[in-house]
Amino acid sequence: MTGTRTVEDLLRTLAPRVLAVLVRRHGQFDACEDAVQEALLAAALQWPAEGVPAEPAGWLVTVAGRRLTDQWRSESARRRRETAVAVAQPYHELITPSPAEELNKHVDDTLTLLFLCCHPSLSAPSQVALTLRAVGGLTTDQIASAFLVPETTMAQRISRAKQKIKEAGATFAMPAGADRTERLAVVLHVLYLIFNEGYTATSGPDLQRVELTAEAIRLTREVHRLLSADDSPAGEAAGLLALMLLTDSRRATRATSDGALVPLTEQDRARWDADLIREGTELIERTMATAALGPYQLQAAIAAVHAEAASTAKTDWAQILVLYGILDRLAPNPMVTLNRAIATAQVHGPRAGLDLLDSLAGDKRIAGHHRLDAVRGHLLELADDLPAAREAYGRAARATVSLPEQRYLEAKAARLR
């Protein structure tokens, strides 16, 4: 890992916590988020050359706070009067206790920020997009890729979301009762997307971004703990946590030492994390026995079936196909259909899987996505239609911006020549 990459990872980890400190102090989510983004940019330019400060969190809070002060100084006389005390106050007083101490003291601030971004005044897509930006640390391009929309569309959506948060007069406090329940589904969806981006990065040289998966698991544990402490329905939070644990158990085997992708069929299952598998399996078994069934629980159950199999050949594909069938009815999604096509091919043959893929023709949500052609290539290869498989792998390789996935798909195509 390069020094620049280390700085990027550190900034991504600190960003939501620094934003939470500023919003709790000053309110005005939109102004604080803009100030934090400017501070992150300054750090990204300075730290690789000058070194990381002794208290990086304090540095970011100080710089972002100064950006806020500069902004407020340029506004109306009313705003200048309101901030006069803060402007005159020495900065060592403004950040007392130190930001690092404050971040450690308020361990739930990121969770509060997460629920704030899921404010009911926003549409569901805007809630997800804003949270991925403010809490997940994802770029606008990465968020657009997750939503399968152009980057400009996503930038406008995030900007409008910040403005609506301001207009709604939202306060920095953990919602309770019906208000929290209303936001929970979006909160879980955001955590799911953050984990997915960490598990398989949509772009860049690395297959995985461990800091994102770790933060998603940490926050999901906090949400599950919060709901369990209040005796609130926690079935889907538990299902999502189990899904993350079971999926993350494979992390060490998903890439070679030089970063090349290793598919599930070729992974050394003896190296999967047994503790994560045990925790995830016990959690999903306990949850499905007591809670109303939901999409995350179904996905966790599928992951548990994979985890308990000694090999791909010994996997209970019939059970997985049944679970995907239920999931596709409960929460229809083109990515679910892709996975169901793979399970269908294992049970009923590759042509049956290809027929299922044809049902996605014309679905704009997945048109042009590299995984559609990647799965098509895999099923065509199983069906011994090697020229068509090679073409599909080639199209998939050209469509992805993830270098490990691109190299893997190019290698698959080259092997079939």
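## Arginine 395 and aspartate 373

With a relative accessible area of 34%, arginine 395 counts as partly exposed in this predicted model, whereas aspartate 373 is buried at 16%. The two residues form a salt bridge in which the closest N and O atoms are 3.0 Å apart. Because arginine 395 belongs to helix H21 (residues 386-399) and aspartate 373 to helix H20 (residues 370-382), the pair ties together parts that are 22 residues apart in sequence.

## Other salt bridges

The structure holds 16 salt bridges, one of which joins the side chains of lysine 162 and aspartate 34 at 2.6 Å, N to O. Lysine 162 lies in helix H11 (residues 151-168) and aspartate 34 in helix H2, so this contact links parts that are 128 residues apart in sequence. Lysine 162 is buried, with a relative accessible area of 9%, while aspartate 34 is partly exposed at 35%. Salt bridges that share partners join Glu33, Asp34, Arg133 and Lys162 into one network.

Arginine 183 and aspartate 179 also form a salt bridge, with their closest N and O atoms 3.1 Å apart; the two lie four residues apart in helix H12 (residues 177-199), a separation of about one helical turn. Here arginine 183 is buried at 7% relative accessible area, and aspartate 179 is partly exposed at 28%.

## The second largest pocket

The second largest pocket holds about 530 Å³ of space and is lined by 25 residues, of which Glu8, Arg12, Gly137, Thr139 and Arg209 lie nearest its centre. By class, the lining has eleven nonpolar, seven polar and seven charged residues. Among the elements that each supply at least two lining residues are helix H1 (3-26), helix H2 (29-50) and strand S1 (203-204).

Notes:
Residues numbered from 1 in each chain as written. Predicted model: local features only at pLDDT ≥ 70, side-chain atom pairs only at ≥ 80, totals over all residues. Heavy atoms only, no water. 1 Å grid on protein atoms, 1.4 Å probe; cavity = no way out; pocket = protein on both sides within 12 Å on 5 of 7 lines; lining within 4 Å. Points joined across faces, edges and corners; volume = space filled by probe spheres on them. Nonpolar A, V, L, I, M, F, W, Y, C, P; charged D, E, K, R; others polar. Salt bridge = Lys/Arg side-chain N within 4 Å of Asp/Glu carboxyl O. Buried < 20%, exposed > 50% of the residue type's maximum accessible area, 1.4 Å probe, protein only.
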